[in-house]
Amino acid sequence: MTTPDLSSGVSTAAAVDEAAALATFRTMWDQLGAIGVHPTGTRRYSWTDEDAALRRWFTDQAASRGMTVHTDPNGNIRAWWGEPADGAVATGSHLDSVADGGKWDGPLGVLLGFLAVDALAAAEARGNLVRARPLAVVDYMDEEGTRFGVACLGSKLMSGALDPETARALTDGDGVTLAAAMTAAGADPQAIGRDEVALAQTGAQVEVHIEQGKQLVGLAAPVGLATAIWPHGRWEFTFTGLADHAGTARLADRRDAALPFAATVLAARGAAQDLDARATFGRFHVEPGGPNVVPAKVVALLDARAATDAVLADLVDRIGRAARDAAGDHGVEVTVREISRAPVVDFDEGLRDLHGKLAAEAGERLPEIPTQAGHDSGILAAELPTSMLFVRSPHGISHSPLEDAADADVLAGLRALVRSLAVLVAAPQDGPPVTGRND
Ligand code: HGY
Ligand code: MN
Ligand code: MN
């Protein structure tokens, strides 16, 4: 395993004017905060008016830095510092959100990507950085999967992990397909799919993200380095019973679809507890949905995650069995359908080694931590070297308006990003920006 030469003045190339960076961060933050933010939380969903506003904000940020913007066929948008070329370095994250989410999950990585360009451009102007390859700040399309149910849509399409035909047919809560939503937004759904150009142009990717837990609080560290992502996925459970009168139908005669669903929610919690895993039914709907009608149908999405692929399989199997048993007890039918599944991800050892060495040289701590959250960098790890830097979240709460980060921790994340990008963009063009992939 090798990493780029660190002997050539990384500290001068990676110097950050922290007061200026913080001022810029606040301005960008305020502009972004005007888009899709409601009293109950952030709602930024793919291919909506808010999504278009986010893209305009991104384009304006790029233009103000003299960067050119390209949107790839999968709707991922890149701001280029330098001419697009194979083997470029990428950073960034996503601007979409969960339903009534926070402001940090995703945007932090995009904002710090632009701030990193500011710092590196200043270093170049001082003569402290000789850039050998371009840098792209990326906003990946629909990371959360809030609208169409499948997470990391942009990176899964880009890498070929999701079949384009399947993707085009995904529907939102109103029955609008991804294809129709893209068309309405002026994009071409027929062009989606594995993108050899974007893959070749992404020589390595470093993503900064808010930590979505309390590991860094426990470690008293402002920034951490991701080691691995737990395997995870989504499964649709459909319970089908029979509608009847909520007053006159005798209990013994009912085929109430909500009953086995309720039992399955509890069983999922028990199985997750037993296996030290996670299982959540966060989205479900009841049909016909009348207050005085026995539920005829419940359609529910299970989000399940575990430390290994085998434990995840066991977890989903246990929950499926519990659903079938409970359905049988209540005269209800149940079907289980896998919507998506991502295997375990081990982030690139060459990049991890680079981040660790640079942190040590700078005298800063960079503890290594695994995560249970999914990310575009996890999807792309199957194709190219990727890594993730996590910024401490003071309460550990995420996918909630309570998401937060302290200024000092944001700046620590920026320093960690800039010193790594300074090395990567200076890496000679006759090879990859970093070697030591996990293959
Ligand atoms: O759901 C996730 O793990 C991520 O935050 N998209
Ligand atoms: Mn998220
Ligand atoms: Mn995220």
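Me: Helix α2 (residues 18–32) and α4 pack at an angle of about 140 degrees, with axes 10 Å apart. What makes α2 oblique to α4?

Reply: The cut-offs decide. Under 35 degrees is roughly parallel, over 145 roughly antiparallel, 65 to 115 roughly perpendicular, and the rest oblique. The angle is about 140 degrees, so α2 is oblique to α4. Axes are lines fitted to C-alpha atoms, for helices over the stretch in contact, and angles run from 0 to 180 degrees between N-to-C directions. This is a predicted model: local features need pLDDT of at least 70, side-chain atom pairs need 80 or more, and totals for chains, interfaces and linings use all residues. Residues count from 1 along each chain as written, chains are lettered from A and ligands numbered from 1 in written order, and side-chain values use heavy atoms, without hydrogens or water.

Me: Which residues make the contact between α2 and α4?

Reply: Contact means heavy atoms within 4.5 Å. Among those of α2 are Phe-25, Met-28 and Trp-29, and α4 brings Leu-111, Phe-114 and Leu-115, among others.

Me: What makes Trp-57 and Phe-114 an edge-to-face pair?

Reply: Rings of Phe, Tyr and Trp (its six-membered ring) pair if their centres lie within 6.5 Å; planes under 30 degrees apart are stacked, over 60 edge-to-face, the rest tilted. By this rule there are ten aromatic pairs. Trp-57 and Phe-114 lie 6.3 Å centre to centre, with 85 degrees between the planes, and so are edge-to-face. Trp-57 sits in α3 (residues 49–64) and Phe-114 in α4 (residues 107–126), so the pair ties together parts 57 residues apart in sequence. Helices (H or I, at least four residues) and strands (E, at least two) are DSSP runs, numbered from the N terminus.

Me: How do you know whether Trp-57 is buried or exposed?

Reply: Buried means under 20% relative accessible area, exposed over 50%, partly exposed in between (1.4 Å probe, protein chains only). Trp-57 has 6%, so Trp-57 is buried. Phe-114 has 0%, so Phe-114 is buried too.

Me: Why is the pair of Phe-237 and Phe-281 called edge-to-face?

Reply: The ring centres are 5.4 Å apart and the planes stand at 85 degrees, so the pair is edge-to-face. Phe-237 is in strand β9 (residues 232–240) and Phe-281 in strand β10 (residues 278–287), 44 residues apart. Both Phe-237 and Phe-281 are buried.
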